[in-house]
Amino acid sequence: MTLLARLITEGKTALHIGGEWAEASDGGTFPVVDPATEETIAEVASGTEADGIAAVAAAHAALGPWSESAPRQRGELLRKVFEMLMERERDFAELITAENGKALSDSIGEMRYGAEFFRWFSEEAVRNRGEMYRSPAGDKRIFVIDQPVGVSVLITPWNFPIAMGTRKIAPALAAGCTVVLKPASDTPLAALALADLFAEAGCPPGVVNVVPSRRSGPVVGAMLADSRVRKLSFTGSTEVGRTLLEAAAARVLNVSMELGGNAPFLVLADADLDAAVAGAMQAKMRNAGEACTAANRFYVADPVADEFADRLSQAMAALRVGPGMEPGVDVGPLINATTRDKVAALVEEAAAGGTVVTGGRAPKGKGYFYLPTVIKDVARSAGILTTEIFGPVAPIVRFHDVDDAITQANDTATGLVAYLYTRDERKGLEVAERLETGMVGLNRGLISDPAAPFGGVKESGLGREGSHHGMREFLEPKYVATNW
Ligand code: NAD
């Protein structure tokens with residue numbers, strides 16, 4: 001039996017609150033659609049405001065014992081969940097592909113990345129050390145203890161149905177917080193399967209609650225207004241993040257925001273082109289381009305621009321597009337019709353001023369597919385350079401001067417990640433310092449790592465996930481002044 005069939009049969013396409021599976025308080029459900037077939041694969045309970053509040057109450061009731069439990073005990077639970085996820089990697093990967101559409105190879109990659117947060121934070125759970133020192137005036141001792149911030153509301157997007165949740169749950173639990181997760185309405189199933197796995201691993205009821213809803217705004221709004229909630233950790237679009245920051249301001253909530261990106265990918269004239277094309281394929285095509293880290297605009301030095309465009313086009317054209325579950329498929333469908341149509345409109349506008357080298361259309365038939373596309377000599381004014389594409393499209397702009405390329409790379413409101421290829425490491429580090437982003441891939445197309453601080457500057461967000469910084473987001477320092 002597949003994991004999806006088991007969830008449906010056992011009544012686990014419901015809300016997970018206080019260790020119990022429950023229908024929505026008004027009996028409402030919403031459909032989850034397979035983007036490859038456009039067919040409904042499950043009906044999931046749609047949480048209401050009352051359900052959100054019930055989940056907050058469950059998380060609050062569990063908070064005391066959980067935050068006081070031994071760090072080692074919390075770490076061992078996280079380690080167990082890591083091992084269970086690795087054992088069930090294939091089952092979970094198939095579930096991710098069923099609800100999100102991505103190629104099975106991408107889902108397996110996501111599972112390995114997502115599970116690793118549990119291993120990493122199982123190790124961090126026992127390293128919450130605090131500080132003690134004497135004041136400069138010598139009049140007192142300064143103790144600093146880092147305490148869990150409290151009940152945390154976690155909100156995740158659809159593009160990584162498991163990893164965006166694990167990246168928040170693992171540090172929250174390691175720090176001693178309890179959580180209510182509101183997964184994306186397009187992809188709630190992996191989060192529900194994860195809640196089930198936590199219960200099986202022996203997680204105390206109420207520590208991890210999951211409330212899917214098709215009415216995200218009101219349900220999240222009700223939770224954020226509840227005085228028992230102390231933290232909001234959000235991953236999603238800058239637009240929704242801005243709205244949630246306003247809501248959080250009313251209660252001065254502790255917030256972490258992982259928002260949208262518009263990553264530039266710079267290829268300098270001395271770059272190793274084989275490496276640059278391989279890196280471009282990783283940075284662009286992981287998840288069919290549906291990643292906040294996806295290379296969104298390619299700035300390539302004039303002497304190598306045509307060759308780079310040709311080689312990238314060959315690699316893109318060689319990818320196999322099809323239902324993610326089929327063996328050998330590299331690129332699955334996009335998440336829904338709206339996203340596919342948005343990608344098509346951006347390509348149409350960019351193609352008017354540039355040259356489509358490969359792709360440039362949606363194939364006929366069922367499913368929200370779009371062909372891997374390269375457009376070269378895109379006009380600097382094209383909307384595709386200022387919009388997060390979230391699809392398999394690589395627009396290329398040629399540059400003559402590195403300073404000008406850096407100016408163009410920085411000419412955006414967001415600042416999540418930038419990529420840079422050059423054989424000159426000194427030059428590379430110099431340019432990396434000037435790029436206004438939270439992360440830089442220097443001669444690398446893949447940067448995500450649970451041991452590294454992931455996050456953006458400018459309108460790409462606040463705070464970091466992963467590394468020891470990730471756990472700090474769920475801790476608050478308390479200073480005790482004393483003498484002896
Ligand atoms: P989204 O902002 O539409 O939705 C994100 C989550 O917020 C979903 O769970 C959604 O149901 C919920 N939501 C929507 N409206 C809400 C509201 N008014 N109140 C409360 N919750 C609400 O984003 P998406 O389309 O799911 O994901 C794509 C976006 O996420 C892209 O912009 C991408 O760059 C970004 N993203 C960022 C990172 C990062 O780490 N920086 C990672 C992945 C995705």
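Me: How many nonpolar, polar and charged residues does the shell around the ligand have?
Reply: Ala, Val, Leu, Ile, Met, Phe, Trp, Tyr, Cys and Pro count as nonpolar, Asp, Glu, Lys and Arg as charged, and the others, Gly among them, as polar. Here the shell has 15 nonpolar, ten polar and four charged residues. The model is predicted: local features need pLDDT of at least 70 and side-chain atom pairs pLDDT 80 or more, while totals for chains, interfaces and linings use all residues. Numbering runs from 1 along each chain as its sequence is written, and side-chain values use heavy atoms, without hydrogens and water.

Me: Which residues come nearest to the ligand?
Reply: A residue is near a molecule if one of its heavy atoms lies within 4 Å of it. Of the 29 residues around the ligand, the nearest are Thr156, Arg167, Lys182, Ser237 and Glu388.

Me: Which side-chain N or O atom is 2.4 Å from an oxygen atom of the ligand?
Reply: A polar contact here is a pair of N or O atoms within 3.5 Å. The 2.4 Å pair involves the side chain of glutamate 388. The side chain of tryptophan 158 has an N or O atom 2.9 Å from a ligand oxygen, and for glycine 236 a backbone N or O atom lies 3.3 Å from one.

Me: Where does the ligand lie relative to domain 1 and domain 2?
Reply: Domain bounds come from an automatic or database domain assignment. Domain 1 (3–259 + 460–481) and domain 2 (263–449) both give residues to the shell, so the ligand lies between them.

Definitions and conventions. A polar contact is a pair of N or O atoms within 3.5 Å; within protein, one must be able to donate a hydrogen and the other to accept it, and residues adjacent in sequence count only if both atoms are side-chain atoms.
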